[in-house]
Amino acid sequence: MIIARSPLRIPLGGGGTDLSSYYSTRGGALCSVAINKYTYVVIKPYFFDRLLLSYSKMENVENAGQVEQPIIREALKMTGIKSGLEIYSIADMPSNTGLGSSSSFAVSLLHGLHTFKHEHLPLQTLAEEACDIEIKRLGEPIGKQDQYLAAFGGIVNLDISRAGKVDVTPMAIQPHYLNQLEKSLFLFYTGIRRSASEVLADQDSAAKKKQAPVLDTLDHIKDIGMKIRESLGRGELDRFGELMDEHWQFKKKLSSKVSNSDIDKWYEAGKSAGALGGKIMGAGGGGFLLFYCPDNAQKLRAAMSGMGLAEMRFNFEYEGTKIIFNA
């Protein structure tokens, strides 16, 4: 039996510039941090020459070609495994909430399957294989951020060349400021689950058509992401919070699906309660709402609780994908 786990993530700045429709012409730059919420994949030999799968559904099929779950099907094809396995997926958080769960699942699954075959792959390769499955094989209009954070973990800068090569650099932040940042970030669940693909499709289509408003907005978001890197590196955390607010205002211009009246109401309530900035996680439209609030944490919590939003407490995660059991 093999158990693999990979973390979820919180985007800090530059999100959206990791889509090929943007970075292929202008290059991408963003920063993000992994958190200690995970997707686990359990892999073990199956007594029968079939595949037994358990995720949100159950499947018992003869071979990989009959698998309905697209990521599992393509990962099995990629690794050349046709049958004879049981695969179970367990997640700390629900899918479609903006924390990168599908990519975390893809990285865990690939890590587990390669380990089953006694293959040790570099983290960069695991991340790229996950990108290949989700973006190329399945045609999802998503970026490369989630797969790389699931693989590498930590708080990192991602720089993406026009050819799609991703450079991962740990962000240099003094431990005191890193601890303060962790204590000043708050996640609240909106109760809205949505497909990232549906939200990102508008942005991706507009970028592919080279529509100036979307490309100009992404240019601004990339610039804000670079400023966020600099402010965190200097320990200017309140400046980071202000830049998050600026980032959110630009992000809402990417698509009418990014926000709605409820999200706008919750966001303004958070700022009134002491948050300097924030944004919806992932593509937008629902999921988790992130705030940076250096003071008045209880006031922020009370405001969100009073509006029906539940807090999810977390810590940063520095290990990335990991085989936690191998027998």
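This section describes side-chain packing and pairing in a predicted model. Residues are numbered from 1 along each chain as its sequence is written, and side-chain values use heavy atoms, with hydrogens and water left out. Local features need pLDDT of at least 70 and side-chain atom pairs count only at pLDDT 80 or more, while totals for chains, interfaces and linings use all residues.

The largest nonpolar core holds 37 residues. A nonpolar core is a set of buried Ala, Val, Leu, Ile, Met, Phe, Trp, Tyr and Cys residues joined through side-chain atoms within 4.5 Å. Buried means under 20% relative accessible area, exposed over 50%, and partly exposed in between, with a 1.4 Å probe and protein chains only. Leu51, Ile72, Leu76, Ile87, Leu109 and Leu113 touch the most other members of this core. Two or more residues each come from strands E2 (28–45), E3 (51–54), E5 (85–91) and E6 (155–160), and from helices H2 (70–79), H3 (101–116), H4 (123–137) and H5 (145–152). Helices (H or I, at least four residues) and strands (E, at least two) are DSSP runs, numbered from the N terminus. H3 gives the largest share, 6 residues.

Ile72 shows the packing at residue level. Contact means heavy atoms within 4.5 Å. With neighbours within four places in sequence left aside, Ile72 is in contact with Leu53, Tyr55, Val67, Ile87, Phe105 and Leu109. Ser103 is placed in helix H3. Ser103 is buried, at 1% relative accessibility. Under the same exclusion of neighbours within four places, Ser103 contacts Glu134, Ile142, Asp146, Gln147 and Ala150.

Phe288 belongs to strand E10 (residues 288–292). Its relative accessible area is 3%, so Phe288 is buried. The C-alpha atoms of Phe288 and Gly98 are separated by 6.4 Å, although the two residues are 190 residues apart along the chain. Beyond its neighbours within four places in sequence, Phe288 has contacts that include Met93, Thr97 and Leu99. Leu187, Phe188 and Tyr189 are also among its contacts, as are Lys279, Ile280, Met281 and Met312.

Aromatic pairs number 10. Rings of Phe, Tyr and Trp (its six-membered ring) pair if their centres lie within 6.5 Å; planes under 30 degrees apart count as stacked, over 60 as edge-to-face and the rest as tilted. One aromatic cluster is formed by Phe188, Trp248, Tyr267 and Phe291.

Salt bridges number 23. A salt bridge is a side-chain nitrogen of Lys or Arg within 4 Å of a carboxyl oxygen of Asp or Glu. Glu319 and Arg5 form one of them, at 3.6 Å from N to O. Glu319 lies in the loop between strand E11 (310–312) and strand E12 (322–326) and Arg5 in strand E1 (residues 2–13), so this pair ties together parts that are 314 residues apart in sequence. Glu319 is partly exposed, with a relative accessible area of 44%. Arg5 is buried, at 15% relative accessibility. The charged end of Arg5 also sits over the ring of Tyr38, 4.1 Å from its centre. Such a charge has NZ of Lys or CZ of Arg within 6 Å of the ring centre and within 35 degrees of the ring normal.

Arg9 and Asp146 meet in a further salt bridge, at 2.7 Å from N to O. Arg9 lies in strand E1 and Asp146 in helix H5, so the pair ties together parts that are 137 residues apart in sequence. Both residues, Arg9 and Asp146, are buried. The salt bridge of Lys227 with Asp223 has its closest N and O atoms 3.4 Å apart. Both of these residues lie in helix H8 (residues 212–233), 4 residues apart, about one turn of the helix. Lys227 is partly exposed at 33% relative accessible area, and Asp223 is partly exposed at 37%. A network of salt bridges links Arg73, Glu74, Lys77, Asp132 and Arg137.

A search of the whole structure finds 0 disulfides. A disulfide is a pair of cysteine sulfur atoms within 2.5 Å. The sulfur of Cys131 is 18 Å from the closest cysteine sulfur, in Cys31, which is too far for a bond. Cys131 is buried, at 2% relative accessibility. Cys293 is in no disulfide, as the nearest cysteine sulfur, that of Cys31, is 20 Å away. Cys293 is buried, at 2% relative accessibility.
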